[in-house]
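Work through the following exercises with the sequence and the model side by side.

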Amino acid sequence: MSNISPEEAFKRVIAHAKEYGFIFQSSELYDGLSAVYDYGQNGVLLKNNLRTYWWKAMVQLQGNVVGLDSAIFMHPTVWKASGHVDAFNDPMIDNKDSKKRYRADVLVEDYAEKLRQKADKEVEKAKERFGAAFDEAMYRSTNPRVVEYLSKADAVLTRFNKALEAGDFAEARQVLIDEKITCPVSGSANWTELRQFNLMFATKMGSVAEDASDLYLRPETAQGIFVNFLNVQKTGRMKLPFGIAQTGKAFRNEIVARQFIFRMREFEQMEMQYFVRPGSEMEWYAHWKHARMQWHLALGLGADRYRFHDHEKLAHYANAAADIEFQFPFGFKELEGIHSRTDFDLSRHEEFSGRKVQYFDPETNESYTPYVVETSVGLDRLFLAVLATALDEEVLEDGSSRTVLRLPYAVAPTQVAILPLLKKDGLPELAQTVYNELRWDFQVAVDEKDAIGKRYRRQDAVGTPYCVTIDHQSLVDETVTLRDRDSMKQIRLNIKDLRSNLQESVSMTSLLKKLI
Ligand code: ATP
């Protein structure tokens, strides 16, 4: 879909997701609930397959990573220890003219990014002018205009972040005023005061109001892993280094939740905490950065759609952090975070619980607090990355076009569709026999309605990699045609060879083998 704007392409992705049963707005019957979504009959299959791909790669293939499924509700002190009660805030600001609400840090970051893009444009122009002799690094550090753009971007971000850290919201707001950062809707810089807003959802446990205690819906799955570190280590007799992985729902009361399933208020995370000896964390950080990128690349969406963003400004608990960014229809944005979290979390839980949360190392005969390297990816964001990249409007040789969802074969909702050419002559019965055989290993659909061309298009639109067509010859010699979604090429093969043929191209194992 190269001839349409990114905005239009994104709109088509959202419309397609709904039309073909991938994603529905939550409570649509009641006009919907903002930034909450439901996965439909095809969406749930794709989402499950993506989760399985993660789980098998992170647990089954690792040997020293085990799973966990901790509860969403946790003791309220967990969130004090983790720092979420005091610091899981976003700075919020409203424009008085448009009445729109924004995250002030996002407004400032977008402004800085625009300055950087201006610098990049200057560099591009110079590159064209000077040709082969062009020394980009030199130009970036000496050209007055480029230097001015880049240092301005840095200065603005530094001033804003410093003000926030100091809790000086008036000064943080002043940055928007001084830089004339305006509301994209009203175009004015008529801003309200800036306030900090905690993103955790609070609720109460217990039936009697006086006795009820305040609880939070977890804003990340990681803390469930940290508080179970000793349980898993001891009962599993785990030796360092080892990991604990879990997938599950997390909840954040996002101030601005746009961009479809990119930023939701209820979403799913897939996180793995890798516990290591202090001092070895940088080695493991590099290891997981590489491993996680390879995992993404194996999906085949295109290497140029990914990039690392190494954090310069680190969270208080981290000594290294990077994002894997993906090129969404609205630009490069965070898909996964990889963080070296030091011993911050385990030490804090030791402090707040009053219990010893340490590891006894049989090799060195000493007890210490392990360091942690975390990998954290949003399942819904991954879903969006895959769906948005896969949707294609292909113009065929005869001038007609087809909508095809080029999903990675192994994660497609349905791997194979069985299509009896006619609804008579025993063809539907043979289709049923083939279905009964294949359904043990694959998600299989049988479609008997409409002309065969129309049925192919329907399967293309939901991303089914293969269609098996049963025709009269099938009754004679037990062969069928197998049509490939992407090339639309058909081969004829024996029914008894279908299973092994499909296994090679659409099974989860075929995808996982790309990793090793
Ligand atoms: P962002 O900067 O986009 O708000 P974050 O840095 O707060 O994300 P983390 O706390 O590192 O995100 O969470 C890990 C992953 O969880 C993210 O990389 C993202 O894929 C996913 N995630 C976080 N918040 C949301 C959300 N509101 N909706 C969907 N996915 C999310």
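## Exercise 1: Aromatic pairs

Phe229 and Phe275 are both buried, where buried stands for under 20% relative accessible area, exposed for over 50% and partly exposed for what lies in between, with a 1.4 Å probe and protein chains only. The model is a predicted one, in which local features need pLDDT of at least 70 and side-chain atom pairs count only at pLDDT 80 or more, while totals for chains, interfaces and linings use all residues. Residues are numbered from 1 along each chain as its sequence is written, and side-chain values use heavy atoms, with hydrogens and water left out.

**Task.** Determine the geometry of the Phe226 and Phe275 pair and of the Phe229 and Phe275 pair, and state which elements each pair links.

**Solution.** 
Step 1. Rings of Phe, Tyr and Trp (its six-membered ring) pair if their centres lie within 6.5 Å, and planes under 30 degrees apart count as stacked, over 60 as edge-to-face and the rest as tilted. On these terms the structure holds 23 aromatic pairs. Phe226 and Phe275 make one of these pairs, with 6.4 Å from centre to centre and 85° between the planes, an edge-to-face arrangement.

Step 2. This pair links distant parts of the chain, since Phe226 belongs to helix α9 (residues 222-227) and Phe275 to strand β10 (residues 266-276), 49 residues apart; helices (H or I, at least four residues) and strands (E, at least two) are DSSP runs numbered from the N terminus. Phe226 and Phe275 are both buried.

Step 3. Phe229 and Phe275 form a tilted pair, with 4.6 Å centre to centre and 45° between the planes. Here too distant parts of the chain are linked, with Phe229 in helix α10 (residues 229-235) and Phe275 in strand β10, 46 residues apart.

Step 4. Elsewhere, ring pairs join Phe10, Tyr37, Phe260, Phe262, Tyr306, Phe326, Phe328 and Phe330 into a cluster.

## Exercise 2: A seven-stranded sheet

**Task.** In what order do the seven strands of the open sheet with mixed pairing lie, and which strands are at its edges?

**Solution.** 
Step 1. The order is β3-β9-β10-β16-β13-β12-β11, where two strands pair if DSSP finds at least two bridges between them. The edge strands, each pairing on one side only, are β3 and β11 (306-310). From one strand to the next the twist averages 25°.

Step 2. At the β11 end, β11 pairs with strand β12 (residues 320-328) in the antiparallel sense over five bridges, and His309 stands opposite Asp323 in β12.

Step 3. Helix α11 (residues 281-297) lies across β10, β11, β12, β13 (331-342) and β16 (371-378), running at about 150° to β13. Contact means heavy atoms within 4.5 Å, and axes are lines fitted to C-alpha atoms, for helices over the stretch in contact, with angles from 0 to 180 degrees between N-to-C directions.

## Exercise 3: Strand β22

**Task.** Why is strand β22 described as largely enclosed, and which strands pair with β22?

**Solution.** 
Step 1. Six of the six residues of β22 (residues 479-484) are buried, so the strand is largely enclosed by the rest of the structure. In a regular strand the side chains alternate between the two faces of the sheet. Both faces of β22 are covered, with Thr479, Thr481 and Arg483 buried on one side and Val480, Leu482 and Asp484 buried on the other.

Step 2. Strand β21 (residues 466-470) is joined to β22 by four bridges and runs antiparallel to it, with Thr481 in β22 as the bridge partner of Thr469.

Step 3. Strand β23 (residues 490-494) pairs with β22 in the antiparallel sense over five bridges, with Ile491 in β23 as the bridge partner of Leu482. The two strands β22 and β23 form a hairpin with five residues between them, and Met488 in the turn has a positive phi of about 60°.

Step 4. The charged end of Arg483 sits over the ring of Tyr456, 4.4 Å from its centre, the criterion being that NZ of Lys or CZ of Arg is within 6 Å of the ring centre and within 35 degrees of the ring normal.

## Exercise 4: Ile72

**Task.** Is Ile72 buried, partly exposed or exposed, and which residues does Ile72 touch?

**Solution.** 
Step 1. Ile72 lies in the loop between β3 (65-67) and α3 (76-81). Its relative accessibility is 29%, so Ile72 counts as partly exposed.

Step 2. Leaving aside residues up to four places away in sequence, Ile72 touches Tyr216, Leu217, Arg218, Lys249 and Phe251.
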